[in-house]
Amino acid sequence: MSKIKKAYFCQHCGYESVKWVGQCPSCGQWNSFVEEVVQKENGKSKNGWDDYDGKKRAGRTITLSEVKSSEEKRIVTEDAELNRVLGGGIVSGSLVLVAGEPGIGKSTLFLQNGLWLKEPVLYVSGEESEQQIKMRADRLGLHNENFYLLTETSTQVIFEEIRKLKPRLVIVDSIQTLQTPFIESSAGSISQIRECAAEFQRFAKETDTPVFLIGHITKDGNIAGPKVLEHMVDTVLQFEGDRHYAYRILRTLKNRFGSTAELGIYEMGENGMKGVANPSEILITQKEEQLSGIAIAATLEGVRPLLIEVQALVTQSVYGTPQRTVTGFDLRRLQLLLAVLEKRGGFHFGVKDVFLNIAGGLKVEDPSIDLAVLCALLSSYEDVPLSQHICFAGEVGLSGEIRAVNRIEQRIAEAEKLGFEKIIVSRYNQKGIGKQKFNIEVVTMARVEEVYQYLFN
Ligand code: TYD
Ligand code: MG
């Protein structure tokens, strides 16, 4: 009897099935199952790192108190933003998945971080040649004697090299290019990705070496690759941002050693990625004269307050169907806000084209941006500029009420720090701000009609 084990995998979500099916029972995708060899006949040989530090590893049960606490053993990098998203540095023995669209800057950021570290680092690249990486390092202007490079895709060869080198940190770029000889399917397939990641997981845990796995995702974010790994790794970092803009956000989606509310902000420049310590200051363009259709929102990304400029353009529709175009904001949310204005305020957006843009190419999910979006729309509709010294924080409900948002004091403090004179927030937030004294004027309102009266009359 053949010992070769095969299975069918959904290439969309990674669902495993013993037989072929037309529609994936897990994600509902049609025609996504592909047969993959899960295990070759020769089975698994020993791991490449078995005698990594001279200690023989054997399965053995121990009491919890026998375990040496290693919580505080973190490598603190030069990159404050990376430290922040990891919860205070790289935890030894942790496996970190860094996911992002191609071209967003994953290789740049981790090459840069590898070159900054004093400890020996092994950078495994299956995508670029040594020359290409060297060129990139030259562009970054960095040089480090402790930085080792390996262009290889076979995990067994990689572990062989790791055993010789004993690096303190391993960076794998990317997990989709790796191939383990124990599985026959091609690199990038679900079973390969899963098995290669599993090998690195065992390696990280058994040798206490942190490993970064870089993984690509496509625009819709749910291509099988990195998604199927999320449960295996300790930390998942997601790289976001528009390739055509300079700003990038590194978001923690999962972290066994820290908060998932953390966020790193970078700016991609000529010489690599630079951490941005005061993002609000750059996201708000300083203008000589104020233009209509612009409003500033005091949002919160994770636990970081961020003041963001919202730009709206409302014009007479020239075609039969009015257009609604958004960047960085949810289209359905815009339609909802327009419906609220139409119904509660009597504005006729039905005959207007509406364009909405969040400055800096950021994608904002915080609902507290609603009020600023609404005010930007009204400002453009009326063609009356809003004051430069006013900002907004509030969610807008279906009946036109302004709803309270979380961490209001933090938002107000950030607006104050940036020199705003007024912030408009929900009346229901009032008791949250009772105790503290701010220099900025906090205006509370309950309904969008009130805001309209206040701003335009
Ligand atoms: P890269 O790190 O290769 O992206 P990924 O690994 O996520 O696919 O980034 C590629 C982009 O970054 C490319 O369009 C060029 C740009 N870039 C800069 O703008 N400045 C730089 O210093 C470097 C190295 C790259
Ligand atoms: Mg890359």
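Let's start with what the buried residues of helix α8 pack against: β17, β18, at residues 352–358, helix α9 and β20, at 395–396. Keep in mind that we are looking at a predicted model.

Which residues of α8 are buried? They are L334, L337, L338, V340 and L341. If you look down the axis of α8, these buried residues fall within an arc of 155°, so they line one face of the helix. Over on the other side of α8, R332 and K343 are exposed.

Just after α8 comes G346, with a positive phi of about 70°.

The largest nonpolar core has 48 residues, and the ones touching the most other members are V310, V373, L377, F392 and L455. Helix α9, residues 370–382, gives this core its largest share, eight residues. Take V373 as an example: leaving aside residues up to four places away in sequence, V373 touches V310, F329, L334, L337 and L356. As a general rule, in soluble globular proteins nonpolar side chains tend to be buried together.

On to the sheet. In what order do its strands run? This open sheet has seven strands, ordered β17-β18-β16-β15-β19-β22-β23, and the pairing is mixed. At the edges stand β17, residues 324–327, and β23, residues 441–445; each has a single partner strand, so one side of each is left without a neighbour in the sheet. From one strand to the next, the twist averages 25°.

Have a look at the pair β15 and β19. Strand β15, residues 294–301, and strand β19, residues 390–393, pair in the parallel sense over two bridges. For I296, the bridge partner in β19 is C391. Helix α11, residues 448–456, packs on the sheet, where it touches β19, β22 and β23, and its direction makes about 135° with that of β23.

Another helix to find on your screens is α10, residues 408–417. Its buried residues are I408, R411, I412, E414 and A415. Viewed down the axis of α10, they fall within an arc of 160°, so they line one face of the helix. And what covers them? The cover includes α7, β15, β16, β19, β22 and β23. After α10 comes G419, whose phi is positive, near 85°.

Let me finish by stepping back to the whole chain. There are eleven helices and 23 strands in it. Its C-alpha atoms fill a box of roughly 80 × 50 × 50 Å, taken along the principal axes. Of the 457 residues in the chain, 50% are buried. And among contacts with a separation of 6 or more, 68% are between residues 24 or more positions apart.

Definitions and conventions
Residues numbered from 1 in each chain as written. Chains lettered and ligands numbered in written order. Heavy atoms only, no water. Pairing = 2+ DSSP bridges. Helix = DSSP H or I, 4+ residues; strand = E, 2+ residues; numbered from the N terminus. Axes fitted to C-alpha atoms, helices over the stretch in contact; angles between N-to-C directions. Contact = heavy atoms within 4.5 Å. Core = buried A, V, L, I, M, F, W, Y, C linked by side-chain atoms within 4.5 Å. Buried < 20%, exposed > 50% of the residue type's maximum accessible area, 1.4 Å probe, protein only. Arc of directions from axis to C-beta.
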